[in-house]
Amino acid sequence: MTTPGAAASGEDDLIARYFRPLATDPGAFGLIDDAALLNHTGDDLVLTTDAIVEGVHFLSGDPPDTIARKALRVNLSDLAAKGAVPAGFVLTLALREAKEEWLAPFARALGEDAATFNCPVLGGDTVSTPGPLMISITAFGRVPPGKMVRRSGAKPGDRIAVTGTIGDAALGLRLLKEQAGEGLDMLSREFLIQRYRVPQPRNALAVVIREHASAAMDVSDGLAGDLAKLCAASGISAAINLADVPLSEQARALVTKGSSSMEAIVSGGDDYEVACAVPENRWDSFLAAARLTNVQVTGIGRVEAGAAAPQFLDAAGKPVALKRLSYSHF
């Protein structure tokens, strides 16, 4: 960050032009200091960080506004799963070059989402890189003391629920990479592609999750693999009905035609939905509270005793052997 009155560098000019206007929180100090101040207010602070990298999490031709929204929203999704209310974020941006035609829409979209989700920018860093474009965000959230919802805590008999629909983003990425039509009309193609490019974090459901769920996590690498992580953390297993996994009309059409499989749906990743375990005696109130937020939640199975990966069952109740559970970077 620059000091008032000092000679400004190219980095200082970039920050002042594109990101200082977004730093509306008093604790950001207009991005002229070396650090920010986040008022504690007696709540627990929840911290999460995610980076998105060109060629891994987004394609080089993706619009800069969608890249900005994805960078922030993947972190907001983590906060939602913890039952946390957004408090702010810091940004690290690694650029090959500083181009107005890229930075202007990126900063505009980032500012719009920061305002929409009440998660102001507090600071960060900008660096040059000879490699792929990379955006890393660390987001902060607040929960009442001791109320963060962890992956551990699920108990046998709990219902398993998931928000939204599963598999859309993985299908959208396939459409982009393979340039395939899959027999879909243009609106259906665009729906799936946008689900990949711009996640819909379920922050409206955060308080409901906090008040009802025994365990929860963000679904980012694939529903099957992420549920396996929740089971491992809780020391339990689960039975998941594949027929109950919620699909969009567009995804269901591809599965029905045989253009995709349920294995690809539950292991594809990039959903950025929330999976949670809810005790039976809280299930009805959970559904009622979720309806008030207009976030779709669907029961897909139950927690079972025994420390093991979840079983995915077909319509006849028979286990389906999945060759792949989730996306992995390594």
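Modeller: Arg 302 counts as partly exposed, because its relative accessibility is 36%. Keep in mind that this is a predicted model. Arg 302 forms a salt bridge with Glu 280, and the closest N and O atoms are 2.9 Å apart. Arg 302 sits in strand β9 (residues 297-304), while Glu 280 sits in the loop between β8 and α10 (283-293), so the pair ties together parts that are 22 residues apart in sequence. Glu 280 is also partly exposed, since its relative accessibility is 38%. Elsewhere, salt bridges with shared partners join Arg 69, Arg 73, Glu 112 and Asp 113 into one network.

The structure has 15 salt bridges. One of them pairs the side chains of Arg 96 and Glu 54, at 2.7 Å from N to O. Arg 96 belongs to the loop between β2 (85-95) and α3 (100-116), and Glu 54 to the loop between β1 (44-53) and α2, so this pair ties together parts that are 42 residues apart in sequence. Which partner is buried and which is partly exposed? Glu 54 is buried, at 14% relative accessible area. Arg 96 is partly exposed, at 47%.

A local pair works differently in sequence terms. Lys 229 and Asp 226 meet in a salt bridge of 3.2 Å, N to O. Both lie in helix α7 (residues 223-234), three residues apart, about one turn of the helix. Asp 226 counts as buried, because its relative accessibility is 1%. Lys 229 is partly exposed, with 31%.

Now go back to β8. Glu 273 lies in this strand. Its relative accessible area is 0%, so Glu 273 is buried. What does its side chain touch? It makes a polar contact of 2.5 Å with the side chain of Thr 163. Another polar contact, at 3.1 Å, goes to the side chain of Arg 195. Setting aside neighbours within four places in sequence, the contacts of Glu 273 include Ser 77, Val 162, Gly 164, Thr 165 and Ile 166. Arg 202, Met 217, Asp 218 and Val 219 are also among them.

Arg 195 is one of the buried residues of α5, along with Ser 188, Arg 189, Leu 192, Ile 193, Tyr 196 and Arg 197. What covers them? The cover includes α2 (64-81), α4 (168-178), α8 (249-257) and β8 (273-278). So much for the surroundings; next, the helix itself. Helix α5 has 12 residues (186-197), and at 1.5 Å a residue these should span 16 Å. The end C-alpha atoms are 16 Å apart, which agrees. At the start of α5, Asp 185 takes part in a side-chain to backbone approach: one of its side-chain oxygens comes within 3.1 Å of the backbone nitrogen of Leu 187.

Most residues other than glycine have a negative phi. Asp 270 has a positive one, near 70°. Asp 270 is found in the loop between α9 (262-267) and β8. Its relative accessibility is 14%, so Asp 270 counts as buried. Tyr 272 lies in the loop between α9 and β8. Phi of Tyr 272 is positive too, near 50°. Tyr 272 is buried, with a relative accessible area of 7%.

Last, the cysteines. How many disulfides does the whole structure hold? A search finds zero. The sulfur of Cys 231 has its closest cysteine sulfur in Cys 276, 13 Å away, and that is too far for a bond. Cys 276 is likewise in no disulfide, with the sulfur of Cys 231 as its nearest, at 13 Å. Are these two cysteines buried or exposed? Cys 231 counts as buried because its relative accessibility is 2%. Cys 276 counts as buried because its value is 3%.

Terms used:
Residues are numbered from 1 along each chain as its sequence is written. This is a predicted model: local features need pLDDT of at least 70, side-chain atom pairs count only at pLDDT 80 or more; totals for chains, interfaces and linings use all residues. Side-chain values use heavy atoms; hydrogens and water are left out. Helices (H or I, at least four residues) and strands (E, at least two) are DSSP runs, numbered from the N terminus. The expected span of a helix is 1.5 Å times one less than its number of residues. Buried means under 20% relative accessible area, exposed over 50%, partly exposed in between (1.4 Å probe, protein chains only). Contact means heavy atoms within 4.5 Å. A polar contact is a pair of N or O atoms within 3.5 Å; within protein, one must be able to donate a hydrogen and the other to accept it, and residues adjacent in sequence count only if both atoms are side-chain atoms. A disulfide is a pair of cysteine sulfur atoms within 2.5 Å. A salt bridge is a side-chain nitrogen of Lys or Arg within 4 Å of a carboxyl oxygen of Asp or Glu.
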